Amino acid sequence: MSVDMSNIEPSKGGERWIACLCALLFPVLSMLTIEPARAENPLWVKQQAPFKIFGNTYYVGTRGLSSVLVTSNDGHVLIDGTLPQNASAIAANVRSLGFKIEDVKLILNSHAHSDHAGAIAELQRLSGAAVVSSAAGAAALRAGRGGKDDPQFEYGDSFPPVPAAQAVSDGETLHPNGAAITAHYTPGHTPGAMSWSWKSCEKERCLKLVYADSLNAVSDGSFKFTGDARYPSVLKDFEQSFRTVEALPCDILIAAHPEFADLWSHFERQQAGIADAFVDTSSCRGYAAAARKRLEQRVTQERTVAE
Ligand SMILES: [Zn+2]
């Protein structure tokens, strides 16, 4: 498919009505839409000064939730928005690097939970960017919540919807600004979960970067990874996703939850002046292997309880 980045003006009247309603309901909605466990994680809203990862790739997220900016002279790509209340902090991070939020032409999402998609509606409004995810991911973005096949559905997570969200196919490469960024479906954590890969260069040297979605088997109280009518293919999907991430060309890995790819120890190495602080060609394989192990533990636990 081709992603239409021109015709994405939201209807102004509707927007105003929603803005008005949100102003009235926001205090109530903010309590209802963020599950307590999420709201209690202070790192998810802890501001982090933005920094370069490599070449034209920058970290603009919070201390606990990733958001990544890939720049070019013809417009930028932003991956993930983090929580709704972080939108202005992310926009400020983009600006403090010397870039304009209005130059973000494309916003990509890993998966449609509030901790990764929550700020996308506002960042889309600020930038006018096109918003893209997998087919299932784009549907969830448009709805402002995942469907019943989301293993965490019963938590009731929701976020400001993104009516203009568009779908990209698995393996499709987008060329938003002369760059090339490839979509990889990595379902399991949600049915629409996505990872992204691209190349960043410094002078003649180009490295392969991966933004990997969460591969964690997390669920609400009733969901069973060992067999659940809500999402019967979840184990098969996870295994396919582990293989996808393991096989990606991968010099630098950034995970949707930064600590799962040791971002902060790499960052400290960079601060200490160590060259290539973020480069680890084994990181994608390690990331998938650790997630596979956690899923196996979860499956064993479910089967033990069932016995
Ligand atoms: Zn999630």
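Start by colouring everything by pLDDT. This is a predicted model, and the protein's mean pLDDT is 89, with 87% of its residues reaching 70 or more. Now select residues 4-38: here the pLDDT is below 50. Where pLDDT is low, the predicted coordinates should not be read in detail.

Next, switch to a cartoon view of the whole protein. You'll be looking at nine helices and 12 strands. Of the 307 residues, 46% are buried.

Time to zoom in on a pair of helices. Select residues 234-247, which are helix 7, and residues 283-306, which are helix 9. How do they pack? Their angle is about 160°, and their axes are 8 Å apart. Angles over 145 degrees count as roughly antiparallel, so helix 7 is roughly antiparallel to helix 9. The crossing of these two helices is left-handed.

Now show the side chains where they meet. On the helix 7 side, pick Phe238, Phe242, Val245 and Glu246. On the helix 9 side, pick Cys284, Arg285, Tyr287, Ala288, Ala291, Arg292 and Leu295. What kinds of residues make up this contact of helix 7 with helix 9? Eight are nonpolar, three are charged and none are polar. Colour them by type and see for yourself.

Conventions:
Residues are numbered from 1 along each chain as its sequence is written. This is a predicted model: local features need pLDDT of at least 70, side-chain atom pairs count only at pLDDT 80 or more; totals for chains, interfaces and linings use all residues. Axes are lines fitted to C-alpha atoms, for helices over the stretch in contact, and angles run from 0 to 180 degrees between N-to-C directions. Helices (H or I, at least four residues) and strands (E, at least two) are DSSP runs, numbered from the N terminus. Angles under 35 degrees count as roughly parallel, over 145 as roughly antiparallel, 65 to 115 as roughly perpendicular and the rest as oblique. A crossing is left-handed if the near helix is turned anticlockwise from the far one by less than a right angle, and right-handed if clockwise. Two residues are in contact if their C-beta atoms, placed from the backbone, lie within 7 Å. Ala, Val, Leu, Ile, Met, Phe, Trp, Tyr, Cys and Pro count as nonpolar, Asp, Glu, Lys and Arg as charged, and the others, Gly among them, as polar. pLDDT is the predictor's confidence in each residue, from 0 to 100. A residue is buried if 20 or more other C-beta atoms lie within 10 Å of its own, exposed if 12 or fewer, and partly exposed in between; C-beta atoms are placed from the backbone.
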